[in-house]
Amino acid sequence: MSVRELVVLGTASQVPTRHRNHNGYLLRWDGEGLLFDPGEGTQRQMLRAGVAAHDLHRICVTHFHGDHSLGLAGVIQRINLDQVPHPVTAHYPRSGQRFFERLRYSTAYRETVGVTEAPVDADGILATTPSYTLEARLLSHPVESYGYRVVEPDGRRMLPERLAAHGIRGADVGRIQRESVLDGVSLDDVSETRRGQRFAFVMDTRLCDGVHALAEGADLLVIESTFLDEDERLAVDHGHLTAGQAARAARDAGVRHLVLTHFSQRYTEPEEFERQARAAGFEGELTVAHDLQRVPMPKRR
């Protein structure tokens, strides 16, 4: 049975707190696991969340500030220690190649797994599998940063009433799906497009074209909201978003489920992030993330 869910490993921004670990997010997508922004302590958070190294197939780093990448060393060494049997690919800004190499080889260990390096240097498609396409978009931060988007290919939804009207039943349903035409009846006559699910991951950034492109039509959007709205000037100066800015971007993009995360240690009341997001006009499902939380992908439209 396929599983699509977000496992939140950490939700703090620059400084971890007593209750929030540095960043870390695992997207379970059918049989694959995509690990986003493994900050310091990610390996331990994986243990607490029941996530194994064998669950990892891709590592996607938005940028090389420590709260988004210091956990790389431990995660990569754990992949090797556990001798993960399948390929693991790492995506990260090409401008941070030297940081990736330093983290990957920061200490001595026995390298048993060939982690494939696939640096990002432009907007576009990074990988295509039968289950999804992985895309990247440039964001606006003091260091080069990319957000990521996972898009399932569109499929077909069979319509029972139309099948019945054309007398198509049993094995013939599978046949028309395979062959597209059956006794003069086309697949379009008895089905409709089933829109593929979309997941977007937006970390450290000001508002920019990349934010809107990544969020567009997302079923699940994970987005930073480092600051509350009253500190918008700080957000702009440091290359971040406020709760209201993130929520308005999600509202305008038609996001179904919004996950706010990456909170500054200056705030102790997470309810205020939800209040400001609602005040900004976002009416969909809303989660103010906390460590070790699981967030399922919304049901298909």
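In what sense do strand E1 and E18 pair, and over how many bridges? Strand E1 (residues 4–10) and E18 pair in the antiparallel sense over 3 bridges. Pairing requires at least two DSSP bridges between two strands. Strands (E, at least two residues) and helices (H or I, at least four) are DSSP runs, numbered from the N terminus.

This is a predicted model: local features need pLDDT of at least 70, side-chain atom pairs count only at pLDDT 80 or more, and totals for chains, interfaces and linings use all residues. Residues are numbered from 1 along each chain as its sequence is written, and side-chain values use heavy atoms, without hydrogens or water.

Within E18, Val-295 is the bridge partner of Leu-6. The open sheet has 7 strands in the order E6-E5-E4-E3-E2-E1-E18, with mixed pairing. Its edge strands are E6 and E18, each with a single partner strand, so one side of each has no neighbour in the sheet.

The largest nonpolar core has 31 residues. Such a core is a set of buried Ala, Val, Leu, Ile, Met, Phe, Trp, Tyr and Cys residues joined through side-chain atoms within 4.5 Å. Buried means under 20% relative accessible area (1.4 Å probe, protein chains only).

| Element | Residues |
|---|---|
| Strand E14 | 198–202 |
| Helix H8 | 209–215 |
| Strand E15 | 220–224 |
| Helix H10 | 243–253 |

H10 gives the most, with 6 residues. A second, separate core of 25 residues includes Trp-29 and Val-295.

Thr-261 lies in strand E16. Thr-261 is buried, at 0% relative accessible area.

Note on methods. Buried < 20%, exposed > 50% of the residue type's maximum accessible area, 1.4 Å probe, protein only.
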